[in-house]
Amino acid sequence: MTSTAPGVLPAGFSLRTHQSAALDALRRRDEEGHLRSWVVLPPGAGKTLVGLVAAAEQLTSGRVSHVVVLSPNTAIQGQWHQQATRFGLATDDDRDLDTALTVLTYQSLAVFDPDNEVGDDPQDEPSLIDSLHVNGRRLLEGLQRTEGLLLVLDECHHLLEVWGRLLGEILDSMPHARVLGLTATPAEALTREQAALVAHLFGEVAFRTSIPAVVKEGDLAPFAELAWLVEPTPEEQDWLDEQAVRFTELTTALTQPGFADVAFLDWLRRRYVDPVPATLTWADVVTREPELADAALRMHHAGLLALPDGARLTEQHRRPPTVEDWMGLVEAWALGLDDPDVTDALRRALPSVGYAWTRRGVRRGRTPTDRVLARSVAKASAAVDIATAEHASLGERLRLLVLCDHERAGATVPATLVGVLDQQAGSARAVLDELLRDAGTRALHPLLVTGSTVAGGHATLAALREQVRLTSPEVADTLRIVPLDSRPLAPTRVEDDPDAPPGDDAAAYRLDGRWSSRQWVRHVTELFTQGGTQVLVGTRGLLGEGWDARCVSGLVDLTTATSLTAVVQTRGRALRTDPSWPDKVAVTWSVTCVSDRHPRGGNDWDRLVRKHTGFHGVDADGTVADGVAHLDGAFSPYAPPPVADFAAVNARMLVRAEDRAGIARSWRVGEPYADRTAVAVRLRPRRDLPRSDLRRVLLVSPDGLLALPGGGEPTPETRPWHLGLALSGCLLVAALVTGVLGRGTTALLVLAGVLALTALAPAARGWWLAGRDSAARIRGRLEDAATPPSLTQIARALADGLQGAGLTSRGADAVRVEVVRSGEHRVRLGDVDEDESAVFAAALEELVAPLSAPRYLLSRHVIEASAAPSWVRPTERSVRQAERDLRPTGEAWHAVPSVLGANAGRVEALLTGWRRWVGEGRAVRAATPEGAGVLAAQVGTDPFDVSTVLRRQWE
């Protein structure tokens, strides 16, 4: 066989920046002799074209003779066929591999023979190749026989989830085959097992880029991620309240002294407070049982436990203990008891929160609570509210995609939820019903499309049928509009249209006939693009991976899938650019239901957090941030906002969604970027912070001031009154001379006097102004001396300390400080990798935190404002004298971050940076008598009075 592939791009094709970079990386790998490569490009970045160019070059060069592409579904398979045809490549989907390019689905290979059973012991498991169906084995044998084979695995993250082990065995049987993996899932999202499999299948990643980088290049649309928060409906909330009672009674009983022979709180104190530091350090406790140590600190936050010596509360600890916290601690406590009353109480209470007590301890079970929150009727209502708001903002441009997990629920509602939650709650059908019920959204002609159903209003389906008739009249003739819940029609041709007129324009109908999803998705997409429907409701399985509609203006995510793969693929539906809409900005809404009256009422919030972890978006302040921070700067991954704030949160989201132009500006498309992630400290002031400018301010030593802003005496200036005095002096001399000569003396004296008065008037005014300015300058400098160091100074001192200790590659010059509109300070170490930025961020968080129990303490000398003189002589000399006379009145203390407190050498490195940027200070070991005395006096003091959180952001 010969290849028809050209050696260059055909007419009409062009490569984007990241496509070119990916192909260059693949060429380098090929020159280095690597047979296997892996490329990571986000959805919409053009992975198919990269694969086709790579395949064409390999075929043209003669390095390979056959290319076999495996794809996850028929939609993506069809894209490969379509692009290959335009590319001039002969292609088919025949397992005989008779053409240069064969495109198949993974299912073509991974078909297993049901008669081949798999044993329980992994060591006894037969090879998966041996378990393949005869058709799969025949395809494999064809691959193994093919010399010069290039195997392209598109969306290869599917291999890690389903067919990874099988592909590993297959590739082991074809050691000389070339392999190219294409995926949108970043390497950092892989589990340890998945990463090991990737290394085995592909080796190192040849090229990767991120969604923000592709947006910056203009190849994906600017976008914003927003949240819509809802409470359960009253009926749902009443049920949740009933379920919460037993657990509340249990936790209340646990805190009572007489509940058991060994009281729970006494046991908690003896386990986590008393041993520290007598026999253990807190670091030892954290290393031994990290999850229970975190739970204990949340118990402290709730006022149920003293703070263990050496422990420090971070963001994740500043919230009430969760159900998981209680369960972990209660299990450790109860397993050491022999108390039937306690175990009976646990057996009665734990099922209400999805747990059960067994002889081996607490076992997590299933609870209807999560179903109520995940499928709350309030979520469907939220979809209506969002569609209404988006239509008001975009008008005819609106093309909203609403994604659900399933078309209709298959399982019956648990008996405990009968009358609380409808069986179809959370389904795509329920969302369609809600959209049709509302007059405003009904006018947007909502349409439901799944793998088995096309449904909507009667008029919308009639328009779709006419759309089908334009290109497939024979199919359109078979289509009938019937009530959604009616039985399917027999697959016979219908000569006349028997459709009855709709009796209710808010009712849902189905377009039934002889067609399949492979056909109707194309027609529905065309109708959607043209505006025949402005709201498309579907399932992630059909309209997720592989579906392409560039017109999508936004997405409402009602799904429960939380893997990064699912999130990236879901978001990719809205991010494609639209040639007919150059200013397109996409908005994705994540709808979340939270109850603050049930101990597991935050389950859906936790799901939201998992969805956004590892996914970057632009926040309201223009920072491209990871996690829920890009939804709202006030959001925490550890707890939802108060329910009372939901209305305000949703209002903020609507304001952001309306400002599409502002979202686009925030992305700063076309500007340089590094395409890396850094960890930043976000400091939220509880009072006015010391200024965070970048200039150097006064430094204080035990002997006074070390450094001054500016520097040097002011340069004398020539002023008009100087000339006046000089001229009057000349006239006076002239008068004396003429007096000696005896002519004109009086006139000259009068003239000299007038000039002198004229000159002295502004001179007096200038003298007064100079004195006032000098006094203000003195007061300003003395206030500088009495002002605590700015966050910039602290951050720069730390950066130099870390660099001096060999922990980071950059120092003070790489510190970046931003102050956003809310007053929040964002500090990070720039121009370093993420690991180094994380070291800096964690250390800065410790440095500005209240004193707890560090290994070393670091001081700085302070001057009280009252120490500054209230008045000084308004001269420049008095400025210097006041500064020379100024002496510190005390010391303030900071905790040396644990990474720098590991040894004296690192402490000295920090002290060097401290003296440069903050002022003279000294380091004291906490274990010394002086250090213990300082801690006793200063523990809990907060030098900056700020709350801190760590967030990942892209730069």
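Predicted model: local features only at pLDDT ≥ 70, side-chain atom pairs only at ≥ 80, totals over all residues.

Author: Here is a walk from the whole protein to its charged pairs, and then to the strands and helices around them.

The protein has 33 helices and 29 strands. Its accessible surface comes to about 42100 Å². Carbon and sulfur atoms own 52% of that surface. Now look at the contacts between residues at least 6 apart in sequence: 76% of these join residues at least 24 apart. Keep sequence distance in mind for the pairs below.

Now the charges. Side chains of opposite charge can pair when their charged atoms come close. How many salt bridges does a search of the whole structure find? The count is 49.

Take D604 and K379 to begin with. Their side chains meet in a salt bridge, with 2.8 Å from N to O. The two residues are 225 residues apart, so to speak in distant parts of the chain. D604 belongs to helix α24, residues 603-612. K379 belongs to helix α16, residues 377-394.

Next come R682 and D619. Here the N to O distance of the salt bridge is 3.6 Å. This pair also links distant parts of the chain, 63 residues apart. R682 is in strand β21, residues 677-685. D619 is in a loop, between β19 (616-618) and β20 (624-626). R682 has 0% relative accessibility, so it counts as buried. D619 is buried too, at 3%.

Turn to E908 and R915. They form a salt bridge whose closest N and O atoms are 4.0 Å apart. What is the exposure of this pair? E908 has 42% relative accessibility and counts as partly exposed. R915 is at 32%, and is partly exposed as well.

One network of salt bridges links R676, R810, D813, R816, E818, R828, D831 and E955. R816 and E818 fall within strand β24, residues 815-819. R828 falls within strand β25, residues 825-829. The strands β24 and β25 pair in the antiparallel sense, over five bridges.

Now step across to an open sheet. Its nine strands run in the order β8-β18-β17-β11-β16-β12-β13-β15-β14, with mixed pairing. Which strands stand at the edges? They are β8 (223-230) and β14 (480-483). Each has a single partner strand, so one side of each is left without a neighbour in the sheet. The twist averages 25° from one strand to the next.

Look inside that order for β11 and β16. Strand β11 (residues 400-404) and strand β16 (residues 535-539) run parallel, joined by five bridges. L401 has L536 in β16 as its bridge partner.

C404 brings up the cysteines. C404 is buried, with a relative accessible area of 0%. C593 is also buried, at 0% relative accessibility. A disulfide is a covalent bond between the sulfur atoms of two cysteines. How many disulfides are counted here? The count is zero.

Finish with a residue in a helix. L250 is found in helix α9, residues 234-254. At 5% relative accessibility, L250 counts as buried. Set aside its neighbours within four places in sequence. L250 is then in contact with L346, A349 and L350. L250 and A345 are 95 residues apart in sequence, yet 7.3 Å apart in space, C-alpha to C-alpha.

Definitions and conventions
Residues numbered from 1 in each chain as written. Heavy atoms only, no water. Helix = DSSP H or I, 4+ residues; strand = E, 2+ residues; numbered from the N terminus. Contact = heavy atoms within 4.5 Å. Areas by Shrake-Rupley, 256 points an atom, 1.4 Å probe, with all protein chains shown as cover. Pairing = 2+ DSSP bridges. Buried < 20%, exposed > 50% of the residue type's maximum accessible area, 1.4 Å probe, protein only. Disulfide = S-S within 2.5 Å. Axes fitted to C-alpha atoms, helices over the stretch in contact; angles between N-to-C directions.
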